[in-house]
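Q: Could you take me through the salt bridges in this one? I'd like the cut-offs as we go.

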Amino acid sequence: MDTKNLYFFQVVFEEGNIRTAAQKLYISPQGLGKIIKGIEQELDCQLFTRTKSGIIPTESGIFFYEKSRKLLQELQEIKRQIYKMNRGSDELQVGFASGSLKVIAFEELFRFINDHTHFRVSWSECENDKVLVQLENGTLDFGFVTSNRSSPNLEQIVVAKVPIVLLVYEGHPFWNLEKVSMDMLEKQDMVMMNEQFHIYYDFIQMCHIKGFEPHIRAKTMDGDTLYRLCKQKMGVAVCPDFSRTNYDGLKAIPFEKPYFWNIYGTWRKDYPNLEVIKMFIEFFRA
């Protein structure tokens with residue numbers, strides 16, 4: 001299967017509309033439709049349900065989206081590792097845990113790059129645990145991660161705190177509430193970010209502390225998919241409340257006892273220029 005076609009599929013999945021995706025990819029809707037049908041034939045399954053307003057991913061489509069994203073990330077990692085074999089010494093390699101780029105401003109990253117032209121700054125995005133592993137083995141110098149890590153090789157500091165909210169769809173019994181408690185979720189259908197995100201494990205742990213097992217109907221690695229699943233009334237969703245997110249038809253309800261999704265700036269203690277690390281952190285904490 002052509003990796004370019006995998007990327008085309010991902011854009012269709014994210015846009016939820018063949019025509020819109022085709023415009024973004026600079027390809028005709030007919031040509032893009034043939035690519036999607038070709039993938040479905042190769043996999044011998046239906047990836048989307050076609051409707052008048054667009055397309056809705058099937059269970060197979062959601063599964064394939066998550067796996068194909070991981071595959072393309074692995075290919076990018078291979079390219080990055082090959083490059084690393086030949087890189088210069090004055091380079092800061094930064095890793096972003098999945099989801100952290102919704103909090104960390106690109107503008108600050110680019111400003112740091114422009115202000116420190118004597119350094120080459122490269123960055124990549126992957127699962128939280130993979131960023132931590134790369135920090136441990138020295139293939140990354142700095143990472144924005146979503147979990148605390150006790151390690152003799154690493155230092156950490158909280159650089160951002162994002163409130164966690166409950167997303168509900170219009171018509172749900174919680175719709176008119178101003179706040180909710182964790183206990184109220186015991187018998188609710190839930191949709192969640194999957195195991196690649198630390199928020200999943202934090203939520204499971206909080207439910208266990210309250211004495212119940214959550215009923216999770218669907219898991220995804222994509223925030224937009226999470227919102228769509230909630231809009232389709234598959235369940236309510238626990239997620240970080242990103243300030244720039246347009247929930248459009250959903251309501252974000254805070255918890256009575258505030259919960260937060262922390263972003264930790266994490267770096268190797270043996271990085272040869274710790275002054276650069278300090279300056280880098282200040283760009284994001286200002």
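A: Lys210 has a relative accessibility of 40% and counts as partly exposed, a class lying between buried (under 20% relative accessible area) and exposed (over 50%), with a 1.4 Å probe and protein chains only. This is a predicted model, in which local features need pLDDT of at least 70 and side-chain atom pairs count only at pLDDT 80 or more, while totals for chains, interfaces and linings use all residues. Residues are numbered from 1 along each chain as its sequence is written, and side-chain values use heavy atoms, with hydrogens and water left out.

Q: Which residue does Lys210 form a salt bridge with?
A: Its partner is Asp183, with the closest N and O atoms 3.9 Å apart; a salt bridge here is a side-chain nitrogen of Lys or Arg within 4 Å of a carboxyl oxygen of Asp or Glu. Lys210 sits in the loop between α7 (198-209) and β8 (215-220) and Asp183 in the loop between β6 and β7 (189-193), so the bridge ties together parts 27 residues apart in sequence. Helices (H or I, at least four residues) and strands (E, at least two) are DSSP runs numbered from the N terminus.

Q: How many salt bridges does the structure hold?
A: There are eight, among them one between Glu40 and Arg50, where the closest N and O atoms are 3.1 Å apart. That pair links distant parts of the chain, with Glu40 in helix α3 (residues 29-43) and Arg50 in strand β1 (residues 48-50), ten residues apart.

Q: Is Glu40 buried or exposed?
A: Glu40 counts as buried at 11% relative accessibility, whereas Arg50 is partly exposed at 43%.
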